[in-house]
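Please study the sequence and the model shown below. The paragraphs that follow lead from a single chain to the contacts between chains, and then to the confidence of the prediction.

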Amino acid sequence: MIALLLRDLRLAVRAGGGFGLSLAFFLIVTVLVPFGVGPEGGTLARIAPGILWVGALLACLLSLDRIYALDFEDGSLDLLATAPIPMEAVVSVKALAHWLTTGLPLVLAAPVFGVLLHLPGPAYFWLVISLAVGTPALSVLGAFGAALTVGLKRGGLLLSLLVLPLYVPTLIFGAELIARGSAGGATATPLLMLAGITAATVALVPFAAAAAIRVNLR
Amino acid sequence: MSIWEYANPKKFMQTSAWALPWFTGLAAITLVTGLVWGFFFTPEAANFGTTVKIIYIHVPSAMMAINIWVMMLVTSLIWLIRRHHVSALAAKAAAPVGLVMTLIALFTGAIWGQPMWGTWWEWDPRLTSFLILGLFYLGYIALWQAIDNPDTAADLTGVLCLVGSVFALLSRYAVNFWNQGLHQGASLSVDKQENVSDVYWYPLLFCIAGFILLFIVLVLVRTRTEVRSRRLKALEARERLA
Amino acid sequence: MMPELGKYAVSVMSAYGVTVVLLVGIVAQSLWRAARVRRALEAQEQRTGAHNG
């Protein structure tokens with residue numbers, strides 16, 4: 001399993017793997033928003049948490065179809081299916097690799113991009129916390145969506161349509177956590193809900209994703 | 001005699017052919033009665049004016065939008081557990097009807113909201129969760145259409161329906177938490193009977209029954225179509241092989 | 001026969017209008033597809049001479 005994780009990480013980091021692309025996409029979104037909304041610091045500061053969350057979510061979405069696509073094409077997914085580790089573990093490892101290569105960089109880069117959007121001081125802490133807690137759920141749900149569409153020729157758009165509604169609860173609680181945190185409000189409820197969603201997703205969704213992959217490999 | 005007999009496509013086709021005219025007649029009668037009664041013979045409500053007449057389509061369609069998803073969840077589970085093809089096809093047949101019900105609920109809600117709340121759209125929890133439900137219907141239908149192999153499609157959409165149900169429910173609570181609503185809880189909710197006076201309640205009952213019957217008719221027709229279409233594909237495949 | 005709808009006439013009528021259009025749409029689509037598939041299946045059964053089964 002560790003070998004699989006290292007292999008996926010190496011493939012992602014190598015050229016063409018898409019590592020960094022989603023980060024660049026996140027940057028572009030953050031830069032484009034002030035052009036659309038106007039440069040007033042007050043407005044930007046108010047919408048910054050939402051923009052950063054939506055940007056991170058879209059950047060995450062962008063790289064989802066790569067989770068299994070290459071392995072499906074060259075047949076290594078079939079090999080993994082017959083390997084002595086359960087499919088659920090394969091899915092979890094692949095989701096983890098996806099998180100390490102897109103989710104984690106997004107978490108680290110978000111404060112920098114926050115500066116561009118005049119994010120108020122106390123919000124930085126909560127921004128990092130909420131993204132760090134929320135993005136694993138995005139990766140695992142994405143792994144599920146990618147598993148559903150793995151056999152399709154042009155699954156990218158369909159994948160977005162399937163996955164985005166699943167992201168709604170995470171997005172709501174994540175953005176709410178930053179908004180409350182920066183306003184000095186009670187943060188326990190959204191933080192616990194966000195963590196609960198992530199924990200439940202990480203624990204349960206790999207089973208659904210593995211079932212979908214087995215169906216697709218049939 | 002058990003309910004599983006209807007999992008046999010032939011048996012299902014026979015029974016549904018017999019039942020369809022009855023359900024069609026009943027649906028037409030109740031729906032027309034309810035809508036005509038509601039539209040022509042109900043008084044104005046003190047605080048709603050004549051817009052109260054919208055309740056006769058808004059509430060039943062909203063109920064059906066949720067109930068149809070539950071029905072799809074049940075039929076998907078039956079397919080995943082017992083592998084009855086008719087069940088999977090019924091879920092496929094129900095999805096577009098559910099999407100239409102969601103659209104009706106959203107449109108009538110927007111039209112009703114305009115004079116009452118002074119806005120077409122408000123990010124009210126119920127409105128928002130219906131929008132999300134609509135997105136789930138869209139994704140479900142799109143996944144059915146994207147996959148060629150019917151058994152693969154049935155399996156994958158079944159799994160999507162299960163996961164989607166959990167997240168639709170979760171979204172409902174998340175949205176509640178995110179924004180307090182404009183919907184008054186009691187007077188619009190049908191189970192709090194005492195809040196709607198009888199004048200409005202009886203035609204509403206007819207409308208709800210009418211919508212349910214209409215849905216049954218549509219699902220029967222559409223499931224029959226799907227069964228036929230499967231048989232057609234099988235025959236074509238056999239012809240190509242021969 | 002038309003009830004007096006007062007100032008909300010447009011709202012009520014358009015709500016009913018949208019509903020009728022959407023419901024008629026889904027019913028028509030269901031029936032149309034049902035008829036088309038039934039015809040295709042009948043034609044196919046004639047051609048292959050397939051008996052039920």
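The radius of gyration is taken over C-alpha atoms, and the rule for a globule is 2.2 Å times the number of residues to the power 0.38. For 218 residues, a compact globule would have a radius of gyration near 17 Å; the value for chain A is 18 Å, which agrees. Along the principal axes, the C-alpha atoms of chain A fill a box of roughly 55 × 35 × 30 Å. The secondary structure of chain A consists of nine helices and zero strands. In the order of the sequence, the pattern is α-α-α-α-α-α-α-α-α.

The next topic is the packing of helices within a chain. Two packed helices are described by the angle between their axes and by the distance between the axes. In chain B, helix α3 (residues 85-117) and helix α4 (residues 125-146) pack at an angle of about 155°, and their axes are 9 Å apart. Angles over 145 degrees count as roughly antiparallel, and α3(B) and α4(B) are therefore roughly antiparallel to each other. The crossing of α3(B) past α4(B) is left-handed. On the side of α3(B), the residues that take part include Leu99(B), Leu103(B) and Leu106(B), while those of α4(B) include Phe130(B), Tyr137(B) and Trp144(B). Sorted by class, this contact of α3(B) with α4(B) has 15 nonpolar, four polar and one charged residues.

Helices of separate chains also pack against each other, as the contact between chain A and chain B shows. This contact takes 20 residues from chain A and 21 residues from chain B. On the side of chain A, the helices α7 (123-148), α8 (156-183) and α9 (188-217) each supply at least two residues. Which helix gives the most to the side of chain A that touches chain B? It is α8(A), with 10 residues. By class, the residues on this side of chain A divide into 17 nonpolar, one polar and two charged.

Helix α9(A) and helix α5 (residues 150-178) of chain B pack at an angle of about 170°, with their axes 9 Å apart. This angle makes α9(A) roughly antiparallel to α5(B). Val205(A), Ala208(A), Ala211(A), Ala212(A), Val215(A) and Asn216(A) of α9(A) make the contact with Thr152(B), Asp155(B), Leu156(B), Val159(B), Leu162(B) and Val163(B) of α5(B). Nine nonpolar, two polar and one charged residues make up the contact of α9(A) with α5(B).

Chain B also touches chain C, in a contact that takes 26 residues from chain C and 31 residues from chain B. The side of chain C that touches chain B has 16 nonpolar, seven polar and three charged residues.

For the complex, the predictor gives an ipTM of 0.85 and a pTM of 0.86. Chain C has an average pLDDT of 80, and 77% of its residues score at least 70. In chain B the mean pLDDT is 83, and 86% of the residues reach 70 or more.

Technical notes:
Residues are numbered from 1 along each chain as its sequence is written. Chains are lettered from A and ligands numbered from 1 in the order in which they are written. This is a predicted model: local features need pLDDT of at least 70, side-chain atom pairs count only at pLDDT 80 or more; totals for chains, interfaces and linings use all residues. pLDDT is the predictor's confidence in each residue, from 0 to 100. Two residues are in contact if their C-beta atoms, placed from the backbone, lie within 7 Å. Ala, Val, Leu, Ile, Met, Phe, Trp, Tyr, Cys and Pro count as nonpolar, Asp, Glu, Lys and Arg as charged, and the others, Gly among them, as polar. Axes are lines fitted to C-alpha atoms, for helices over the stretch in contact, and angles run from 0 to 180 degrees between N-to-C directions. Helices (H or I, at least four residues) and strands (E, at least two) are DSSP runs, numbered from the N terminus. Angles under 35 degrees count as roughly parallel, over 145 as roughly antiparallel, 65 to 115 as roughly perpendicular and the rest as oblique. A crossing is left-handed if the near helix is turned anticlockwise from the far one by less than a right angle, and right-handed if clockwise.
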